[in-house]
Amino acid sequence: MNKKGFKNRLIRLTKNLLALLVVAAILFPIIWMLPAAFKDRTELFAIPNQFLPEEWSLDNFEKVFTLTLNGYNFTSSLLATLVVAVIATALSLFINMMAGYVFARMEFPLKNVIWWSVLITMFIPGITILLTSIRVVNMLKMVDTLMVLIIPGVVSAYNIFYFRQFFLAIPKSLEDAALLDGLGHFGTFWHIFRPMSTTPMIVIGISVFMGYWNSFMWPTLTVSDNAQIAQVTQIIRVLSDAYAGDYGVVVAASLISIAIPLVIYLIFQKKILEGIATTGLK
């Protein structure tokens, strides 16, 4: 093997090792959580610590699903989070797709000005407008309601931009044929563009779903007196305070909370990879 071939092989080996280290660092907490959720407090804090429990127990999961703390219940929080995430994802896809279609295919006054105004919001950190956003929803009397968990995050400049770029790549002949058939712009969007957008819909939909599912700061600041719609991240925080010395319960709750997003990813992973590949080509 010549010197150049050895160097290239060494570079590939180094990249593979770095990739394995990154994957191991990402997966380690999840791998550790799986058996830890079935351990009691003694085993969890035992030194030296064993990876697998000596006795597999479901006590932690039982406590998670049966315990109610100050009106907070894990099961109701799980359902409330699922309802919020599903509704928000559906609304986000519908609104952002329509906006993307309008910017990609329709002409109207001040289109470029409005488009650049939308793009500018992508560069504004959310934390900088957090207090203002809380004041707005408070003035609209949305605090402690489902609406405050759903509406503020529905519209996204990035998602509009993503769909716009995808719609720009669709041949104009399809749109012209639909308009000639009398569908109109909304009919063209719904019957032509929407069915062709399965992959970007799944990619953006999962991203939106994960954002709502894992949201912590916004629900904590806007939902404080309505335990019935408390989000799963809030109930895990409550459990971590109530079981400060018994982390098995918190680990079990965390494991359950990541199960639904993980299942969704496993179902749609092929489409997600297709979406990433499509984005790279464009």
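The structure is a predicted model, in which local features need pLDDT of at least 70 and side-chain atom pairs count only at pLDDT 80 or more, while totals for chains, interfaces and linings use all residues. Residues are numbered from 1 along each chain as its sequence is written, and side-chain values use heavy atoms, with hydrogens and water left out.

**Overall form**

The protein chain contains 14 helices and two strands; helices (H or I, at least four residues) and strands (E, at least two) are DSSP runs, numbered from the N terminus. Along the principal axes, the C-alpha trace spans about 70 × 70 × 35 Å. The radius of gyration of the chain is 24 Å, whereas a compact globule of 282 residues would have one near 19 Å. This quantity is taken over C-alpha atoms, and the globule rule is 2.2 Å times the number of residues to the power 0.38.

Of the 282 residues, 37% are buried. Buried means under 20% relative accessible area, exposed over 50%, and partly exposed in between (1.4 Å probe, protein chains only). Among contacts with a separation of 6 or more, 72% join residues 24 or more positions apart, where contact means heavy atoms within 4.5 Å.

**Packing around helix α10**

Helix α10 covers residues 184–193, and within it G187, T188, F189 and F193 are buried. The cover over the buried residues of α10 includes α4, α8 (157–168) and α9. Two of the helix pairs are set out below. Axes are lines fitted to C-alpha atoms, for helices over the stretch in contact, and angles run from 0 to 180 degrees between N-to-C directions.

| Helix pair | Angle | Axis distance |
|---|---|---|
| α9 (residues 172–180) and α10 | about 125° | 9 Å apart |
| α4 (residues 74–105) and α10 | roughly 115° | within 11 Å |

On the α9 side, L174, E175, A178 and L179 meet G184, H185, T188, I192 and F193 of α10. This contact of α9 with α10 has five nonpolar, three polar and one charged residues. Ala, Val, Leu, Ile, Met, Phe, Trp, Tyr, Cys and Pro count as nonpolar, Asp, Glu, Lys and Arg as charged, and the others, Gly among them, as polar.

By class, the contact of α4 with α10 divides into eight nonpolar, two polar and one charged residues.

**Loop residues**

S197 lies in the loop between α10 and α11 (198–213). With 0% relative accessibility, S197 counts as buried. Apart from neighbours within four places in sequence, S197 is in contact with M97, F166 and F167.

Most residues other than glycine have a negative phi. L110, in the loop between α4 and α5 (111–120), has a positive phi near 60°; L110 counts as exposed at 63% relative accessibility. K141, in the loop between α6 (130–139) and α7 (146–150), has a positive phi of about 60°. At 73% relative accessibility, K141 counts as exposed.
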